[in-house]
Amino acid sequence: MTDDFDDIPVRHDMQTVAFYNIENLFDLRNSKFTNDNDFLPNSVKRWTPKRYKNKLRKLGFAISNIGREETGKHPAIIGLAEVENARVLEDLLDSKHLDDLDYDYVHFDSLDERGIDVAMIYDTKVFKPLHTETFSVILTDDDGSPDYTRDILLVNGNLDGELVHLIVNHWSSRREGQQETEFKRLAASEKVSEIIDGITSKNEDAKIMVLGDFNDDPYNESVKRLTEDHSLFNPFETLRSFTRGTVKHRRQWFVFDQILISTNFFKSSKKEFEFFKANIFDADFLKQFKGHFKGAPFRTYVGKKYKGGYSDHFPVYTILKK
């Protein structure tokens, strides 16, 4: 695999903020705190050291090239979903294509039933975290027992000296049916709304980015509530088509992965960042290159069958420009 982006000049006035659901990044150790029985060397999926290192290398290559075509460099900030623990983040940042970059991470363990969390990695040369916090989404099953899902991560910090607020999400899946699970995503949306209210109560002109795998499209109520109630702009509303999206299920494309931004990113200023563009990072190397699922995300596993790919989602990104 070769890097086709090497000859692009670096744009120092631009920075990339991205989000990537990296599909079950589990380590090789059996943990009593996570549901990782499928991801062990002796499991049915045979999650071996070779396969683990291969996934880390591939994810590192993908991450390092998000937004490179526009900026000539790796992303400043990447929100992540489906991270087992801090150890896998450390292994990821030590992998081949990231080990020479100045990345660090923010991660908190959640009570998610699958044992996966959201996280954020960032280039320490351009982003300085000032405050990090998680928020739980309170859900209950039909019998009244707690239904634990991923926490929402808030990171406030300076991006090239400018204060930005990043809210990283991975909302409940549709596995049990879209309508049957909609209330869970609406609850997550309401929690994000509370977080935004908390930020704007202190600074009504705060620059906010809400990024994540929402397991809903831009037109679904959970996402529309955020854009309408908080005047957020969703550039991914126009990117879904019959032939393109971030995840494919039963031959249909969805844009579950999105980045919403506050409209003050459209203010023109030489000293502050403004929105330049947003896109799905679906480079050819991230795609299934042949067969029945040609063009879909090149996955690590399909069911219990090992494919050796990257993830079942394409990353998304936003370019900010001064």
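This is a predicted model: local features need pLDDT of at least 70, side-chain atom pairs count only at pLDDT 80 or more; totals for chains, interfaces and linings use all residues.

**Stop 1: helix 1**

Select residues 49-65, which form helix 1. How far apart are the end C-alpha atoms of helix 1? They are 25 Å apart. With 17 residues at 1.5 Å a residue, the span should be 24 Å, so the two values agree.

Now colour helix 1 by accessibility. Of its 17 residues, 13 are buried, so the rest of the structure largely encloses this helix. Proline 49 is part of helix 1.

Next, step past the helix to glycine 67. Glycine 67 follows helix 1 and has a positive phi, near 75°.

**Stop 2: arginine 87 and aspartate 27**

The whole structure holds 17 salt bridges. Start with arginine 87 and aspartate 27. Their closest N and O atoms are 2.8 Å apart, and the pair forms a salt bridge. Which parts of the chain does this pair link? Arginine 87 sits in helix 3 (residues 86-93), while aspartate 27 sits in the loop between strand 1 (14-25) and helix 1. These are distant parts of the chain, 60 residues apart.

Check the accessibility of each partner. Arginine 87 is partly exposed at 32% relative accessible area. Aspartate 27 is buried at 3%.

**Stop 3: arginine 174 and aspartate 216**

Select arginine 174 and aspartate 216. Their side chains meet in a salt bridge, with 2.7 Å from N to O. Arginine 174 is in the loop between strand 7 and helix 4, and aspartate 216 is in the loop between strand 8 (208-213) and helix 5 (221-229), so the bridge ties together parts 42 residues apart in sequence.

**Stop 4**

Move to aspartate 284 and lysine 287. Their side chains meet in a salt bridge at 3.7 Å, N to O. Aspartate 284 is exposed, with 64% relative accessible area. Lysine 287 is partly exposed, with 23%.

Then select Glu162, Lys207 and Glu272 together. A network of salt bridges links these three residues.

**Stop 5: a negative patch**

Switch to a surface view. Select Glu113, Asp141, Asp142, Asp143, Glu176 and Glu180. These residues gather in a surface patch of negative charge.

Zoom in on glutamate 176, one of the patch residues. Glutamate 176 lies in the loop between strand 7 (162-170) and helix 4 (178-202). Its relative accessible area is 61%, and glutamate 176 is exposed.

**Stop 6: two arginines with positive phi**

Although arginine 46 is not a glycine, its phi is positive, about 50°. Arginine 46 belongs to the loop between strand 1 and helix 1. At 44% relative accessibility, arginine 46 counts as partly exposed.

Go on to arginine 251. What is the phi of arginine 251? It is positive, about 65°, although arginine 251 is not a glycine. Look for arginine 251 in the loop between strand 10 (247-249) and strand 11 (252-254). Arginine 251 counts as exposed, at 66% relative accessibility.

**Stop 7**

Select isoleucine 138. Isoleucine 138 is in the loop between strand 5 (127-135) and strand 6 (152-159). Its relative accessible area is 69%, and isoleucine 138 is exposed.

Finish at phenylalanine 266, in the loop between strand 12 (257-262) and strand 13 (274-280). Phenylalanine 266 is partly exposed, with a relative accessible area of 39%. Draw a C-alpha to C-alpha line from phenylalanine 266 to proline 146: the line spans 41 Å, and the residues are 120 apart in sequence.

Methods: Residues are numbered from 1 along each chain as its sequence is written. Side-chain values use heavy atoms; hydrogens and water are left out. Patches are made of residues with over 30% relative accessible area and no salt bridge: like charges are joined within 9 Å, nonpolar side chains (Val, Leu, Ile, Met, Phe, Trp, Tyr) within 5 Å. Accessible areas come from the Shrake-Rupley method with a 1.4 Å probe; for residues, only the protein chains shown count as cover. A salt bridge is a side-chain nitrogen of Lys or Arg within 4 Å of a carboxyl oxygen of Asp or Glu. Lys and Arg count as positive and Asp and Glu as negative; His and the chain ends are not counted. The place of a charge is taken as NZ of Lys, CZ of Arg, CG of Asp or CD of Glu. Helices (H or I, at least four residues) and strands (E, at least two) are DSSP runs, numbered from the N terminus. Buried means under 20% relative accessible area, exposed over 50%, partly exposed in between (1.4 Å probe, protein chains only). The expected span of a helix is 1.5 Å times one less than its number of residues.
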